[in-house]
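Welcome! Have a look at the structure below, and then we can go through some questions about how its features get their labels.

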Amino acid sequence: MVRGLLFVLLLIHASSSANGADEKEAPWLTLNGKAPAVVAREGFSGQFPEDTGMAFQMRTYDDMLLLCSVQLTMDNGAVCQPDVEISKSTNVQALHPNMTKTYNVNGKNVSGYFTIDYTMNDLVETMVGVQRIMTRSDAFDGYSIMPFEGESQFKMPLLWINVPYVQFFSEHKMNMEDFIRQVPLTSKHCLSSPEIGFLKAMSDRKLPAGLKLYFAFHGKDAVEPTTKKTYGSIASDLAALKPIVAGIVVPKDYIWPVDKSNYLVAQPTTLVTDAHKLGLEVYASGFANDNVLVYNYSYDPMAEYLNFISNGQFSVDGLITDFPPTATDAIRQPLIITRGGAYGVYAPSTDLAYKRAVDDGADVIDCSVQMSQDGVAFCMISPDLTASTTAATIFVDRITDVKEIQEESGIFSFALSWDEIQTLQPQLSTPYEKSTGLKRNPLFRNKGKFVTLAQFLDFARSKSVTGILISLDNAPYLASKGLDLVATVTAALTKAQYDKKSGPQVFIQSDDTSVLAKFKNFPSYKRILSIKEEISSVNKAAVEEIKKNADGVTLTRYSILPTNPQGFTTVETPIVETLHSANLTVFVSTLNNEYITLAFDYFADPTVEIATYTHTVGVDGFVTEYPKTASRYQRNPCSDINRSYIILPARPGSLLNETRAAPADPPKPALTVQDVVDPPLPEVAKPKDPPSKQKQEASTSSSSAAAGLQSTAPPVAVAVALLCFLTAGHNWGS
């Protein structure tokens, strides 16, 4: 009875560690290398009226900052309101239709209703907030305006205090500086203002340790009240701000300008990198899902956020937005990385597989680079062509053993010319097909075209994917055959201008640290060490060795969540936490939909496995042959662990405790320095004669050789040999 009750509880309660998993951070191009912050402008203002109780109660995650623009009242109180003129954000006009006034606000005459003409009680007790953007719903109008009474008012420790009208209040004999000094500021607060005089006065005073000041820019032609300079001119001399503030807040177009046709200009400005060189943080403002987005984003707000935080050149340190959930998702969702494109639907690494992967929502598409005998680089998940092509039916005479690559015999790409490879058909098959009968999309088993590396790079750029993952394996062996894998890939990337720090993020993956070291001179590329062996931990020395040549690692599923012989997960190993602590990215490989690949903890549901690696483990990306499944999960509102109805992640080992299953196998070995360090790459051997020349030289003896083969190996014998080969085991990949 107790055991049954425990099992039910497992199904209806999320793991207590799930929220903690979201706190794990991957390396970022921010000033401190941590994930960008999300700041909710005047609360969740995209859904609810600004600065109302509901807008401040709705939060995306615990680290989200709430931004309150402080406006003083006639009785020296204060409220949160986006502007000192409140006719658009409150119902004041309906309550007092004949009380408009005109004031000079920072050099411009403005007519309307102002906070200085009302007491705090008038604003908080009699007025309510209304949605001021007409395209947003007014269904939430009527919530009370938030008084500014310090941190406790908002029931959250993180508060961004924005002070936009210091000079205006001063002209009306209200001292904003004195008011803010009375606020119990802490290190968890941020303080911003568009007025340099105010920030300088605050910086000259003793502030709580850790409290950060930010200068908030307005439009480039607007005039800053203290210096009387335009904000555009101030942006050209950021060094002058360094003694005063810890960072700056800028509208988006300061970073990535938009042309008159509403397209992004070709390159961003250097503002973020210039600020980071000075040690200044940069927060970008003006984000809203229902803005008229530039055409480059195809009305996808997620694409806009990613362009400011994951473009391969820089990342802003924070996003100030009306819709914090979308910004949070852009930062915290693991990357969807393909293996062979949409290999679950089409033959791997074909044009159809790549097109389908993009359509299915993959963030990063992959190309495992193989080489033909005559030096053509193309995409294929393995150098052995027997599984993914029809090579075994045509080139049986090319079957060879290459123990440096795999134990089984095979027909390898470097034994065939590119012309010969193009005579083959792609083949959609899986390692489960013979043992279980599980086939993938048999109507399209041989559909698609092979893709060269150059074609892949052009395709990826044309589709504006987030990134590409280029895998380079077997470089030492290829060098012995006169094929320079590293040089070929480097040249292709350069020719396609992927080294220009624009376009998709480039991930270079290899199981050889000497290969990764060759790409150290390309700082925009992220290098990923593939650890194909199952391990249980990583010692400190090995972590330090990894960091010399890699920005992250790809691990097998069983190195993170090992299973026992009966197919139940046992524990979560400490590997991901160890690597994250060292600021290394962690990808997990390979996730598939077939139920036989899933631990019983996932209830034969691949979505539960994805949820587990997302929330329980907290990986930064998952490699999958079914990108649509992962994309569907990420776009499902139930993937949010903070919602009432969620897709529950598994708790490693919990089901095992409720069974009579055999104990787990002994832990796999730890990864050591010796496992990480690889010998230097050998010199590339002199290329052999091309196949055409070899054929010409061999033509004089081919007839006699063929006659000898026919006399000793009749057609039946050849067929038997082929049958034995096709039924032998092969390395299909993990």
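A: Let's start with a term: buried means under 20% relative accessible area, exposed over 50%, and partly exposed in between (1.4 Å probe, protein chains only). This is a predicted model, where local features need pLDDT of at least 70, side-chain atom pairs count only at pLDDT 80 or more, and totals for chains, interfaces and linings use all residues. Residues are numbered from 1 along each chain as its sequence is written, and side-chain values use heavy atoms, leaving out hydrogens and water.

Q: Which residues of helix α25 are called buried?
A: In α25 (residues 627–635), they are Pro 627, Thr 629, Ala 630, Ser 631, Tyr 633 and Gln 634. Helices (H or I, at least four residues) and strands (E, at least two) are DSSP runs, numbered from the N terminus.

Q: Why does Tyr 295 count as partly exposed?
A: Its relative accessibility is 41%, which lies between the limits of 20% and 50%, so Tyr 295 is partly exposed. Tyr 295 sits in the loop between β10 (281–287) and α11 (301–309).

Q: Why does Asn 583 count as partly exposed?
A: The value for Asn 583 is 38%, again between 20% and 50%, so the label is partly exposed. Asn 583 also has a positive phi of about 65° although it is not a glycine.

Q: What makes Asp 366 a residue with no salt bridge?
A: A salt bridge needs a side-chain nitrogen of Lys or Arg within 4 Å of a carboxyl oxygen of Asp or Glu. For the buried Asp 366, the nearest side chain of opposite charge, Arg 339, is 6.5 Å away, so there is no salt bridge. Here Lys and Arg count as positive and Asp and Glu as negative, while His and the chain ends are not counted.
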